[in-house]
Amino acid sequence: MAYQFGKIRVMVVEDNPHMRKLLKALLAAIGVGEIVEATDGGVAWMLMKQNPVDFALIDWEMYPVNGLTLVRKIRTEPDSPNHFLPIIMVTGYTERERVMRARDVGVTEFLAKPVSAQTLAQRIEELIERPRPYVRTREYFGPCRRRKKGGIYIGPERRAELGA
């Protein structure tokens with residue numbers, strides 16, 4: 001399905017100026033209306049409080065505040081501007097362990113570098129067409145980490161929502 005992204009407001013959090021410029025160009029190419037940029041997680045945190053966005057593209061490795069730290073703050077800090085913000089982690093680190101770590105701190109989608117306009121648009125469409133419900137447990141708050149359709153959860157907290 002083709003979308004018009006003209007009213008979407010996106011934050012790009014990337015320390016590399018060339019990659020930040022490329023991500024902004026790709027977002028503009030698919031029609032994103034407004035792009036806010038930040039050079040690291042600390043700057044992004046301050047800007048998010050001043051400029052609400054619809055979703056964020058966040059790089060993993062940044063200094064002084066990296067992407068995972070920023071995602072954790074967005075999901076868990078009491079003064080977070082939006083605990084439910086859809087987050088696409090954009091990184092060259094695609095090892096399974098890294099993908100799982102990103103998922104476990106609350107990343108909504110994962111996008112491997114190099115990035116194309118097509119793959120970026122697909123991830124944004126995922127956010128729109130298949131929004132994931134949010135889950136709160138003792139150790140986690142964020143989008144549901146299970147992507148399998150159907151199936152019954154049989155983990156240790158399976159009865160918690162039933163009051164058992």
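Figure 1. Helix α4 spans residues 96-105, and its buried residues are Arg98, Ala102 and Val105. An α-helix has 3.6 residues a turn, so residues three or four places apart point the same way. Arg96 and Glu97 are exposed on the other side of α4. The buried residues of α4 pack against α3, β5 (109-112) and β7 (141-143). Contact means heavy atoms within 4.5 Å. Glycine 106 follows α4 and has a positive phi, near 115 degrees.

The model is predicted: local features need pLDDT of at least 70, side-chain atom pairs count only at pLDDT 80 or more, and totals for chains, interfaces and linings use all residues. Residues are numbered from 1 along each chain as its sequence is written, and side-chain values use heavy atoms, with hydrogens and water left out.

Figure 2. Five of the five residues of β4 are buried. Ile87, Met89 and Thr91 lie on one side of the strand, Ile88 and Val90 on the other, and all are buried. Helices (H or I, at least four residues) and strands (E, at least two) are DSSP runs, numbered from the N terminus. β4 runs parallel to β5, and four bridges join them. Two strands pair if DSSP finds at least two bridges between them. β4, α4 and β5 form a right-handed β-α-β unit. A crossover is right-handed if, with the strands pointing away from the viewer, the path from the first strand over the helix to the second runs clockwise.

**Figure 3. Strand β3 beside β4.** Strand β3 covers residues 55-59, and four bridges join it to β4 in a parallel arrangement. Leucine 57 stands opposite isoleucine 88 in β4. The chain passes from β3 through α3 to β4, and this β-α-β crossover is right-handed. In β4, methionine 89 is the bridge partner of isoleucine 58. β3 is mostly covered, with five of its five residues buried. Phe55, Leu57 and Asp59 point one way from β3, whereas Ala56 and Ile58 point the other way, and all are buried.

**Figure 4. Strand β1 and its partners.** Strand β1 (residues 9-13) pairs with strand β2 (residues 34-38) in the parallel sense over five bridges. Arginine 9 has glutamate 34 in β2 as its bridge partner. Between these strands the chain crosses through helix α1 (residues 17-29), and the β-α-β crossover is right-handed. β1 also pairs with β3 in the parallel sense, over four bridges. There, the bridge partner of methionine 11 is alanine 56 in β3.

**Figure 5. Serine 80 and its surroundings.** Serine 80 sits in the loop between α3 (67-76) and β4 (87-91). The residue counts as buried because its relative accessibility is 11%. The side chain of serine 80 reaches the backbone oxygen of isoleucine 74 at 2.7 Å. (A polar contact is a pair of N or O atoms within 3.5 Å; within protein, one must be able to donate a hydrogen and the other to accept it, and residues adjacent in sequence count only if both atoms are side-chain atoms.) Leaving aside residues up to four places away in sequence, serine 80 touches Trp45, Lys73 and Ile74.

**Figure 6. The chain as a whole, for orientation.** The chain has five helices and seven strands. Read along the sequence, these follow the pattern β-α-β-α-β-α-β-α-β-α-β-β. Of its 164 residues, 41% count as buried. Among contacts between residues at least 6 apart in sequence, 62% join residues at least 24 apart. The chain exposes about 9,600 Å², and carbon and sulfur atoms supply 53% of that area. Accessible areas come from the Shrake-Rupley method with a 1.4 Å probe; for residues, only the protein chains shown count as cover.

Note on methods. Buried < 20%, exposed > 50% of the residue type's maximum accessible area, 1.4 Å probe, protein only.
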